[in-house]
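Subject: Structure handover

Hello,

The structure is placed below, followed by notes on what was found in it. Please read the notes with the model open.

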Amino acid sequence: QFLQTDAAINPGNSGGPLFNLKGEVIGINTAINAAANSIGFSVPSNLAKALLPQLETKGFVVRGWLGIAPQDVSGALARALNVPGGEGALVINVNENGPAAKAGIKEEDVIVALDGVKVTNASGLVRLVGLKRPDAPATLSVIRQGKALELKVTLGTRPDVEGLGAVERPE
């Protein structure tokens, strides 16, 4: 979910734009890996655009949350689980009182789409869910023991595991 760049990202210019050769902003410089000899990472501009309305109105971002631990599905695992197309996000853990549990998601389900958008891997699912607002309704396309299901879920709010919600924001 980051763009890797060799553009210099120095202390103090994190948050600046990353340009392509046409002069278009394609990302927001975010972090450097000092041990990796000037490798930097930027948040893609299309992701920033999707989050901008929340930043403008609230000053921070809240993300949708499903309440699962997903794992990539491909190759032999997809064949063993009888997943048509061979891609998706395998549910390896369901948060006991989370939105997914309330919707009937079970361990070993494979999520192959969210609101009709194909899910090819675990990080793709996390990104799709994270871009939705908390309390948003969603439809999950699931493969359970080789059978296709459609499950309705109401997303929750991603827990503040980093503890950033308590940070005072300037008025």
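Helix 4 (122-130) gives the most to the lining of the second largest pocket, with 5 residues. This is a predicted model, so local features need pLDDT of at least 70 and side-chain atom pairs count only at pLDDT 80 or more, while totals for chains, interfaces and linings use all residues. Residues are numbered from 1 along each chain as its sequence is written, and side-chain values use heavy atoms, with hydrogens and water left out.

The pocket was found on a 1 Å grid over the protein atoms alone, as an open set of points where a 1.4 Å probe fits, with protein on both sides within 12 Å along at least five of seven lines; lining residues have an atom within 4 Å of a point. Its volume, about 400 Å³, is the space filled by probe spheres set on the points, which are joined across faces, edges and corners. There are 18 lining residues, and Arg-63, Val-126, Arg-127, Gly-130 and Arg-158 lie nearest the centre. By type the lining divides into 11 nonpolar, 4 polar and 3 charged residues (nonpolar: Ala, Val, Leu, Ile, Met, Phe, Trp, Tyr, Cys and Pro; charged: Asp, Glu, Lys and Arg; polar: the others, Gly among them). Besides helix 4, strand 5 (64-65) and strand 6 (68-73) each supply at least two residues of that lining. Helices (H or I, at least four residues) and strands (E, at least two) are DSSP runs, numbered from the N terminus.

Helix 4 also has a buried side, where buried means under 20% relative accessible area, exposed over 50% and partly exposed in between (1.4 Å probe, protein chains only). Its buried residues are Ala-122, Gly-124, Leu-125, Val-129 and Gly-130. The cover over them includes strand 5, strand 6, strand 7 (88-94) and strand 8 (110-114).

Strand 8 is largely enclosed by the rest of the structure, because 5 of its 5 residues are buried. Two strands pair if DSSP finds at least two bridges between them. Strand 8 runs antiparallel to strand 7, with 2 bridges, and there Leu-90 stands opposite Val-110. The hairpin of strand 8 and strand 9 has 2 residues between the strands, and in it Asp-115 takes a positive phi near 50°.

A nonpolar core is a set of buried Ala, Val, Leu, Ile, Met, Phe, Trp, Tyr and Cys residues joined through side-chain atoms within 4.5 Å. The largest has 19 residues, and those with the most contacts inside it are Leu-66, Ile-68, Ile-105, Ile-111, Leu-125, Leu-140 and Val-153. Strand 7, helix 3 (99-103), strand 8, helix 4, strand 10 and strand 11 (147-154) each supply at least two residues of this core. Apart from it lies another core, of 7 residues, among them Val-73, Leu-90, Val-110 and Val-112.

For the protein as a whole, the secondary structure comes to 4 helices and 12 strands. Buried residues make up 33% of the 171 residues. The C-alpha trace spans about 50 × 40 × 30 Å along its principal axes.

Regards

Methods:
Contact means heavy atoms within 4.5 Å.
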